[in-house]
Amino acid sequence: MRTPIAFFLVVSALLFTIGTVGVLVRRNALVIFMSIELQLNAVNLTLIAFSRQLGEVNGQVLAFFSMVVAAAEVVVGLAIIVAIFRRRVSANVDDINLLRW
Amino acid sequence: MTDLIWLVPALPLAGAVALLLAGKPLRRIAGGLASLLVGASFVVSVLVLIDLLGVGAEERTVAVKIFDWISVGSFEAPVELRVDPLSMVMALTVTGVGFLIHVYSIDYMHGDPRYSRYFAYLNLFVAAMLTLVLANNLVLLYVGWEGVGLCSYLLIAFWFERRAAADAGKKAFIVTRIGDTAMLIGIFLAFSTTGSVRFDEVFGAAGGLASGTATAIALLLFAGAVGKSAQLPLHVWLPDAMEGPTPVSALIHAATMVTAGVYLVVRAHAIFEASEVALGVVAVVGIVTAVYAGLSAIGQDDLKRVLAYSTISQLGYMFLAAGVGAYAVAIFHLVAHAFFKALLFLSAGSVMHATDGVIDVTRLGGLRRRMPVTAASFAVGGLALAGIPLLVGFFSKDQILAAAYEAGRTGLWITGLVAAFITAIYITRAYLLTFEGEPRSELHPHESPALMSVPMAVLGVGAVLGGLLGASAQTGRVQRFLGPVVGEPEAHAAAGALSEVGLSVIASAVAVGGIALAWALYGSGRVDWQALRARFGGARRALSRGFYVDDAYGALLVTPGKAAASFSASVLDTRVVDGAVNGIGRAFVRLAGVGRRLQTGLVRTYALAFLLGAAALVLVLVVRT
Amino acid sequence: MPIETPDLVLAPILPELILSGVAMLILLVDAARPSRGGRAMALLAAAGILAAAAVVIRQWQVPAADELTALGGMVAVDRFALFFRLVILACALLSVLLGAHYLERTGEGRGEYHALLLFAAAGMTLLAAAADLIVVFLALEVLSLSLYVLAGFSWRRLASQEASLKYFLLGAFSSAFFLYGIALAYGAAGTTSLAGIADALSGPGTSMALALAAGGLLLVGFSFKVAAVPFHMWTPDVYQGAPSPVTGFMAAGTKVAGFAALIRVTTVALGPVSWELLPAVVGVSALTMVVGSILAIAQDDVKRVLAYSSIAHAGFVLVGVAAANQEGVSGSMFYLVAYAAMILGAFAVVIAVSRTGEGRTSLRSYRGLARRNPVLGALLALFLLSLAGIPPTAGFIAKVLVFEAAVRAGLSGLVVVAVLASVVAAFFYIRLIVLAYMEDPEETERVPAEPAPGLALGVTAAVTLLLGILPGLLLDPLERAGVLRW
Amino acid sequence: MSSFPWLTVTVFLPLAGAVVLLALTPLPRRRPEAGGYGADDPWRWVAFLVSSATFVVSLGILTEFRAEPGFQLVEEAGWVGPLNIRYVLGLDGISLFMVLLTTFLMPLAILASWRVERQVPYFMASLLALETAMLGAFVALDLLLFFVFFEGLLFPMYLVIGIWGSGRRVYAAVKFFLFTMAGSALLLVAILFLAFRSETALGGMTFDLRQLVGMDLPATTARWLFLAFFVAFAVKVPLFPLHTWLPDAHTEAPTAGSVILAGVLLKLGAYGLIRFNLTLFPDASEDFRGLVTTLAVIGIVYGAVVALIQTDIKRLVAYSSVSHLGFVVLGIFAGTLQGMSGGVIQMVNHGLSTGALFLIVGMLYDRTHTRDLARLGGLARRTPVLAGVFLVVALSSLGLPGLNGFVGELLILLGTFDASRLPAVIAATGVVLSAIYLLWAYQRSMHGDLPAELESTPDLSGREYAYMVPILVAIVAIGVFPKPLLDRIEPAADRHVRLIAVEPSSADVVRAAGGD
């Protein structure tokens with residue numbers, strides 16, 4: 001008896017939502033970024049669930065790619081955040097509104 | 001010779017063009033050249049007349065086409081001249097009187113800085129007037145009609161440095177244009193219903209027109225006539241027009257242009273007759289104007305304004321004649337009036353020339369001793385105007401009154417007699433105050449030079465002897481000549497109780513009575529007229545201001561009109577129409593100003609917008625299926 | 001789960017390989033001899049781009065047999081892909097030129113710029129050729145990651161940093177949604193290949209709701225990349241903060257590549273449900289045109305103005321996409337070329353006026369430009385007129401093409417919105433021209449003519465004008481080559 | 001028929017001249033230190049010669065032209081292949097005179113701009129580019145090609161107003177640009193829609209006017225399309241209430257700009273109404289005739305009334321244009337041959353007389369540095385020739401018989417009256433009002449007291465003679481002998497009238513009944 005795919009999908013959707021909400025409510029750039037990672041991983045869960053249900057490998061492949069991408073994003077993202085932190089001594093995104101209107 | 005009729009308007013036109021383009025080099029000979037060309041035009045007219053008299057009465061209508069002018073589809077308005085008795089009488093009057101006044105002007109205008117320009121305008125006027133009377137279709141007639149209006153404007157405002165002159169010129173043009181525009185609509189209506197603008201076809205079709213249509217056309221054309229001939233209610237421009245040089249007043253505002261309305265009614269009589277009311281309107285407008293203007297003339301102190309109101313009054317007479325169907329008589333009075341009124345004006349001009357412009361009769365007096373020729377001329381003209389027997393005015397006016405009487409319009413007849421009485425009063429008053437009594441101010445008048453006196457003399461002779469041409473409505477030469485065109489004068493078999501002779505006696509008595517009354521007041525020395533003036537100040541002012549018609553127009557039309565224009569321009573156009581446009585623009589700018597505030601610069605706002613957009617988009621898609 | 005190993009025929013992705021290779025070479029050289037950033041690296045990058053372009057042109061001339069895709073259906077080898085690759089490469093070349101000039105002025109000349117730019121370009125070209133959602137995702141990330149860094153390239157400037165961070169956070173956020181869309185599409189269709197998805201969607205038994213949700217999320221992801229409303233909010237900030245040559249490259253290249261993929265995905269993979277997607281596309285298109293046009297009015301920085309202009313133009317291209325017909329596709333392609341030329345040109349003007357770094361980007365700096373440098377003023381006017389869609393410029397013909405396609409598709413209402421939006425948009429283009437031509441300059445000093453921006457300006461202006469007068473130059477080859485029958 | 005590409009050459013010669021001018025920009029100036037351009041600098045001469053050459057070439061068109069109803073001297077080539085947008089030029093009697101008017105006025109406008117000192121090469125280039133756009137619009141037979149020219153003239157005109165204008169020039173320029181662009185926005189949609197419909201209706205998409213004529217359209221569709229075209233052209237004409245850009249644009253534009261705006265650009269609106277609205281949507285035109293006529297009549301009276309109280313003489317002339325163009329539209333939509341011919345010839349007349357009025361205003365301004373009528377006066381004494389010229393032109397504008405304006409006004413009112421009486425009667429009041437405001441303006445500037453500071457005002461210079469005399473000659477010539485124009489206009493006008501006139505005019509009925 002396999003777990004119905006809906007379970008995975010719901011969990012994944014919940015995770016994605018949590019990630020989304022995190023992006024919206026948190027102020028620290030690092031935490032926001034972590035929330036995004038959570039979203040990506042939620043999607044990975046969906047991918048793998050589908051892949052398993054379909055008996056097809058592409059989903060898993062894509063999940064790997066997405067992890068790689070996430071890693072790359074960490075590299076780039078952290079670099080950017082650190083650079084900004086150095087200048088401003090703050091990682092609060094609400095302080096970053098030089099460019100507006 | 002008839003084929004050369006085009007020379008008649010072309011000669012003065014050429015003069016005008018030459019003088020306009022080469023005014024400076026031609027300056028010394030401008031007057032002579034202009035006079036010569038008009039004289040030549042007169043000669044050609046006479047030659048054509050001789051041709052015309054040489055053929056039978058029925059063949060005296062010839063159309064001479066010069067060239068195609070405006071022609072689109074079924075609409076054709078060629079430049080085509082009409083030679084017939086009516087147009088020739090008019091052409092001869094115009095060129096004849098015109099020539100004399102040109103000659104008179106040579107000395108009168110001597111030394112004016114715009115001497116060439118003056119003669120150019122005068123020549124242009126003669127050309128336009130000849131176009132008017134010689135045109136063979138309504139549109140070409142309109143060309144002349146507007147052309148004389150233009151020249152009138154130019155000449156009234158000739159001394160444009162004077163504000164009053166400039167204003168008067170403009171007023172003349174605009175007021176007459178109101179009538180002209182109505183006339184233009186009449187022409188459209190004529191074309192629309194008859195399919196043509198040529199006289200023969202339009203007037204030929206007149207009989208077949210519905211009476212309402214005929215009335216409309218007739219009254220619209222008459223509106224043009226009312227404007228041009230300064231009848232009520234569009235008469236207000238003519239008294240002001242006296243700001244122009246006096247010879248101009250004589251030529252344009254007495255002898256020729258202002259009579260164009262009468263000519264039009266006579267020319268278009270077929271249409272007026274096809275209508276039930278049109279002729280009645282013409283007669284009533286004419287007689288009311290005659291009385292009104294006569295009364296106003298009594299109240300004038302400016303000699304030229306007396307003559308101006310007199311002209312209005314006399315034109316009323318002519319319309320009265322036309323209105324009762326006596327077209328030939330109307331034209332005869334037109335010709336007669338041209339002579340004696342031109343004479344009066346030239347005399348007045350002579351006075352002005354002598355007094356350096358003083359023309360207020362209350363400041364003049366006793367001029368007869370210094371200027372006998374002028375006084376005599378004025379007297380002759382005045383007597384002719386008053387209708388003293390055997391002078392030309394007697395015959396023509398008598399025939400008009402007789403025509404009214406014989407047409408059974410006793411009311412018109414009696415009112416006409418009243419007008420004649422008034423006429424005698426004001427012209428006698430004017431003469432007495434100007435030439436008799438003691439001088440009322442320090443002036444050193446002198447008699448005018450020959451070039452001015454001779455034309456006056458010639459006109460005087462015309463005023464005295466002109467009656468020979470048309471002594472009787474039925475048998476006069478002019479009337480008989482005109483007969484084929486305007487309808488044979490009917491021999492009324494004594495429609496009323498009075499015989500023709502009886503009517504003449506009554507008319508003469510009225511005229512003499514008027515003169516006597518005026519003499520009693522102003523000439524006998526037994527009445528202190530200046531005390532009377534003071535006593536009846538209100539009435540005198542009412543008369544002198546023409547019963548305040550002009551003021552009423554100012555208050556009722558011009559002021560509200562200006563207010564309306566001002567409202568349109570500064571409120572409607574800038575605030576409402578343009579304001580709406582600019583408002584839309586501003587709304588967008590404001591919207592953008594608000595919208596840009598949404599761009600807070602905060603990442604989380606952006607993410608929220610993103611999320612909302614994504615949610616909305618996905619929901620729309622999923623829910624719809 | 002058997003895994004097929006496709007034939008490793010690398011020719012179809014040779015351009016990307018060249019670009020990436022050269023980029024890595026640049027990184028290596030730069031690491032070895034960091035002092036020699038500047039021109040040599042630029043030349044190297046340019047050579048790489050030209051080489052890639054040569055390959056593309058060669059492939060255009062010699063069409064690959066009957067295959068439509070290569071590498072196991074991962075990459076399309078059609079002319080559509082080749083066409084967009086060429087356009088992107090041209091943009092990249094100009095950006096290298098402008099970047100080298102710009103960095104030389106600011107003293108930030110490092111080889112990295114060119115390497116990152118080449119990586120981004122590789123991502124873009126790959127995106128245009130992607131025939132599988134996996135490749136789409138990867139290409140998207142390649143170009144995005146490079147651009148995140150490029151946006152913050154002038155790291156000493158706070159604004160540049162801020163742009164970088166904003167772009168990064170929001171880009172990553174949008175990637176998550178996009179990836180989610182891919183996952184749902186995969187779930188609905190059982191495959192990630194575009195053609196496969198199309199087959200599945202036209203067959204029975206596919207969950208429509210899932211497919212549409214997937215389509216919607218994919219649309220969201222692309223909308224972010226091409227800066228369509230309401231996924232556009234990063235655009236003005238990032239465009240303003242990033243170094244101008246980068247902005248130019250982002251505005252031109254990303255939009256071209258994004259639209260190439262969007263068109264391919266919507267017409268191929270989502271073709272069977274295009275009718276259902278239509279309201280979303282139309283709505284986004286209308287909203288984008290209107291919001292972009294109106295908000296631009298209130299801006300006082302030229303780069304923000306151009307950002308909003310670029311947003312509005314995304315909406316216009318979407319009109320062609322919404323039409324979802326042959327004319328719409330070709331119209332969009334023409335539009336993108338025209339747009340790339342004029343927006344790059346406009347940013348070249350911005351660079352020339354700024355002279356150093358990000359100086360003089362406020363609108364006030366443009367007062368009296370035409371008098372301080374008539375040629376520059378005229379070129380600015382040309383680009384602005386083209387952006388406004390006034391004949392005889394490429395922008396006008398482009399609009400005609402997409403509008404006509406939309407009218408054919410029965411979207412006259414959308415076209416009416418579009419023309420009204422373009423009137424509003426004209427308002428701010430005209431305002432810039434007013435500044436440049438009708439007001440007195442604040443500085444009287446002449447704006448100097450420089451070779452690098454000059455060259456870029458010359459090329460873009462020529463394209464903008466030529467395509468306006470003789471659109472056949474582009475349309476005829478497109479038609480003859482049958483590029484649209486894929 | 002010769003195979004010489006008359007139209008292409010005429011249209012693009014000025015543009016070529018503009019390019020040459022720009023190329024010659026680096027030539028040394030005589031007085032660079034003043035920042036200005038001297039009278040003997042070459043650019044003015046180049047511009048003048050180019051525009052004169054264009055006029056000469058356009059005379060060639062006149063000699064090639066035959067008084068026939070169809071399009072002549074047609075040139076065709078492909079342009080935007082996929083949409084079958086083609087380069088099709090051709091003219092008929094209506095466009096012929098628009099072309100001639102344009103080529104005639106342009107050299108004069110350039111002569112009148114001799115005193116422009118700022119950025120002369122650019123100014124002249126703008127004018128020449130403008131000429132190309134206008135000429136192209138008058139001869140383009142492909143709808144989209146027309147649109148290209150129609151929109152293409154926006155920018156040069158915008159520059160002319162905005163850079164070389166006076167006072168609130170920028171406001172005026174922007175307003176002009178946005179108004180026109182907003183007006184034509186829907187035109188583009190309508191053109192595209194029409195072409196799209198042609199695919200099914202005609203079996204192949206086309207933008208060619210000659211093929212689109214008579215295409216079957218559902219009545220509602222035709223009405224919407226009519227409105228879209230109408231708004232675009234109504235803005236240009238301009239018809240009330242879309243006219244408010246005009247006073248600003250005319251007033252602030254430099255003399256040459258005003259001359260071209262009034263002389264040619266406004267005609268483009270009226271021309272578009274004839275060429276496209278009437279031709280493509282005859283039934284809808286019939287449906288909307290009441291509306292259009294009403295707007296035209298309102299415009300006639302309204303423009304005149306507002307002109308009455310303007311104290312800025314240039315604004316006064318601008319409002320007079322609103323009034324006069326109302327006449328043109330009235331005639332066009334009268335549905336009679338006289339009305340249509342009158343409308344067309346009145347377009348020429350208005351171009352001449354209002355163009356001349358703006359030239360005169362320019363001369364006044366050059367001398368007195370004011371356009372305020374309250375500060376002028378008595379100039380006729382110092383400058384009799386200027387006064388005379390002004391008077392003739394004013395009289396032409398107010399429709400004095402014997403001058404050109406009358407021919408047009410007469411035919412328009414006559415044709416309108418024949419079709420529907422009330423509009424013609426109301427419109428006729430415009431004839432009176434025009435006399436009032438023009439004579440008022442004349443009196444205020446020329447008559448009365450001469451202000452002391454104007455005591456030494458000079459009369460016309462040789463250059464001023466050079467550009468006024470041709471216009472005066474044309475004004476008189478057309479007034480006295482309009483036949484050469486009418487003969488060429490009539491066949492084309494007839495063709496257009498036949499499209500919309502359901503019943504023959506009453507005068508024609510009378511004629512027919514009369515049996516001749």
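The model is predicted: local features need pLDDT of at least 70, side-chain atom pairs count only at pLDDT 80 or more, and totals for chains, interfaces and linings use all residues. Residues are numbered from 1 along each chain as its sequence is written, chains are lettered from A and ligands numbered from 1 in the order in which they are written, and side-chain values use heavy atoms, with hydrogens and water left out.

**Exercise 1. Describe the interface of chain B and chain D.**

Step 1: residues. Contact means heavy atoms within 4.5 Å. Chain B brings 52 residues to the contact, and chain D brings 64 residues.

Step 2: area. Buried area is the accessible area (1.4 Å probe) that two parts lose on being put together, summed over both. Chain B and chain D bury about 4900 Å² between them, and carbon and sulfur atoms give 69% of this area. On the chain B side, V72(B), R177(B) and F188(B) supply 13% of the buried area, more than any other three residues.

Step 3: pairs. Next, find the elements. Helices (H or I, at least four residues) and strands (E, at least two) are DSSP runs, numbered from the N terminus. On the side of chain B that touches chain D, β1 (62-72), α5 (138-156), α6 (163-194) and α24 (549-598) each supply at least two residues. The most comes from α6(B), with 17 residues.

Step 4: classes. Ala, Val, Leu, Ile, Met, Phe, Trp, Tyr, Cys and Pro count as nonpolar, Asp, Glu, Lys and Arg as charged, and the others, Gly among them, as polar. This side of chain B has 27 nonpolar, twelve polar and 13 charged residues.

Step 5: salt bridges. A salt bridge is a side-chain nitrogen of Lys or Arg within 4 Å of a carboxyl oxygen of Asp or Glu. Two cross the interface of chain B and chain D. One pair is D578(B) with K175(D), at 2.7 Å from N to O.

**Exercise 2. Trace the salt bridges of D248(D).**

Step 1: R168(D). D248(D) and R168(D) form a salt bridge, with the closest N and O atoms 3.5 Å apart. D248(D) sits in helix α10 (residues 245-252), and R168(D) in the loop between α6 (154-164) and α7 (169-202) of chain D, 80 residues apart.

Step 2: R315(D). D248(D) also meets R315(D) in a salt bridge (3.4 Å, N to O). R315(D) lies in helix α13 (residues 313-332), 67 residues from D248(D).

Step 3: exposure. Buried means under 20% relative accessible area, exposed over 50%, and partly exposed in between (1.4 Å probe, protein chains only). D248(D) is buried, at 2%. R315(D) is buried too. R168(D) is partly exposed, at 48%.

**Exercise 3. Describe the interface of chain C and chain B.**

Step 1: residues. Chain C gives 37 residues and chain B gives 24 residues to the contact.

Step 2: area. The two chains bury about 2600 Å², with 81% on carbon and sulfur atoms. L170(C), M233(C) and I294(C) lose the most area in chain C, together 20% of what that side buries.

Step 3: pairs. The count is one salt bridge. R596(B) bonds in a salt bridge with D300(C), at 3.6 Å between the closest N and O atoms.
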